[in-house]
Amino acid sequence: MADTKVFIVDDSAVVRQVLTGLLDSLPGIKVIGAAPDPLFALPRMEKEWPDVIVLDIEMPRMDGITFLKKLMLERPTPVVICSTLTAKGAEVTMQAMSAGAVDIITKPTVNLKGFLQDSKTLLADAIKGAAHARLKKTVSPLVKPPLDNAPKLNADVMLAPSHSTAMAETTDRVVAIGTSTGGTQALEYVLTRLPRTTPGIVVVQHMPEAFTAAFAKRLDSLCQITVKEAEQNDRVIPGLALIAPGGKHMLLRRSGAQYRVEIKDGPLVTRHRPSVDVLFRSTAQAAGKNALGIIMTGMGDDGAHGLKELHDTGALTVAQDEASCVVYGMPKEAVKLGGTDGELSLSAIPNLIIQSPSRTKFLKG
């Protein structure tokens, strides 16, 4: 199998040097060039076009967002944003994700060289994931979470498995959504099509810490429903979507007749924090057959086991279909485990959420 060809565009000579050395040391990845800004990069890339571009945002002559928009209009290519982790940087980076970037690598403002050297797994995962993304012109923005070399733990480390049905079926619905690579634009598509009467929604989108607040704020400005980064004990109510904060797990809890979220520290689960498996398992325990579980575009298998647990309570569970996924990884694993009642295109998911039917009604068609 041919190596993934990478081109680095960053105005920092240190970043270019360190990234080139690190990426060239990873199996299956080859850096074919580096440049300090897009105007230097373009003529060099025309000679040998890369499979993935690692792109900075703030650069002289042409900024990364302008270049990204031009790229997605003329020659869609998977782009991994390499951005400084600041509140201002998060907002700008979300603009890049909206413009079509596939993933984020967060770089600190201090000890940059040490950070990059310690992040081989993160870098390899981001670039290999981006290389598998299916892009269309002016479409396709996504995010994957940072990974590390920690053991691949499951949801047992956050909450014990439940072997009983959560509760009797009622008309009080809650919608749980899990997504990763490709999820930022997929979620924007879905949530902007929902009315204020939509059942309460809880979402895990794999995204680094400090980016989820900007992501939620942006969605809130576009949607009829309210979208916010979840906080401890937030109620899950109709017309509200809660986005799990980056770097924290989010669990659904039931208190009397109300659903609330619990925000918890904890280890990576299936190498993610927040983890879709944790959200889905907690939803199985708190809501059972009163939930609608949806797993959408993303790499890996986070959420597949949790969705199966939710499915086993009698809840309706669906996966985004392969044709509309940027990366058909998480949905594929959920389908393989037998944890879904069907697959739907991205365009069909908003209507499903609006109706939020029971499994019986859905299967009867």
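Which residues have the most contacts inside the largest nonpolar core? In this predicted model, they are Leu55, Ile177, Leu191, Ile201, Val227, Ile294 and Ile353, and the core they belong to has 57 residues. As a general background, nonpolar side chains in soluble globular proteins tend to be buried together.

Leaving aside residues up to four places away in sequence, Leu55 touches Val9, Gly64, Phe67, Leu68, Val79, Val80, Ile81 and Cys82. Another core lies apart from the largest one; this other core has 29 residues, including Val202, Leu242, Ala284 and Met330.

## The sheet and its helices

Now turn to an open sheet of five strands, whose order is E2-E1-E3-E4-E5 and whose pairing is parallel. Its edges are strand E2 (29-35) and strand E5 (103-107), each of which pairs on one side only. From one strand to the next, the twist averages 20°. Strand E1 (residues 4-9) is joined to E2 in the parallel sense over six bridges. To find one of these pairings by eye, look at Val6, whose bridge partner in E2 is Val31.

Helix H1 (residues 13-24) packs on this sheet, where it touches E1, E2, strand E3 (52-55) and E5. The direction of H1 makes about 165° with that of E2. Helix H2 (residues 38-47) lies across E1, E2 and E3, and runs at about 155° to E1.

How far apart are the end C-alpha atoms of H1? They are 16 Å apart, which agrees with the 16 Å that its 12 residues should span at 1.5 Å a residue. The buried residues of H1 are Val15, Arg16, Val18, Leu19, Leu22 and Leu23.

## Charged pairs

Side chains of opposite charge can pair when their charged atoms come close. The structure holds 13 salt bridges, and the table gives some of them.

| Salt bridge | Closest N to O distance |
|---|---|
| Lys228 and Glu231 | 3.1 Å |
| Glu262 and Arg253 | 2.7 Å |

Arg253, the partner of Glu262, is partly exposed with a relative accessible area of 31%. Through shared partners, salt bridges join Lys228, Glu231 and Asp234 into one network.

## A loop residue

Finally, where is Thr340? Thr340 has its place in the loop between helix H11 (330-336) and strand E14 (343-344).

How values were computed
Residues are numbered from 1 along each chain as its sequence is written. This is a predicted model: local features need pLDDT of at least 70, side-chain atom pairs count only at pLDDT 80 or more; totals for chains, interfaces and linings use all residues. Side-chain values use heavy atoms; hydrogens and water are left out. A salt bridge is a side-chain nitrogen of Lys or Arg within 4 Å of a carboxyl oxygen of Asp or Glu. Buried means under 20% relative accessible area, exposed over 50%, partly exposed in between (1.4 Å probe, protein chains only). Two strands pair if DSSP finds at least two bridges between them. Helices (H or I, at least four residues) and strands (E, at least two) are DSSP runs, numbered from the N terminus. Axes are lines fitted to C-alpha atoms, for helices over the stretch in contact, and angles run from 0 to 180 degrees between N-to-C directions. Contact means heavy atoms within 4.5 Å. A nonpolar core is a set of buried Ala, Val, Leu, Ile, Met, Phe, Trp, Tyr and Cys residues joined through side-chain atoms within 4.5 Å. The expected span of a helix is 1.5 Å times one less than its number of residues.
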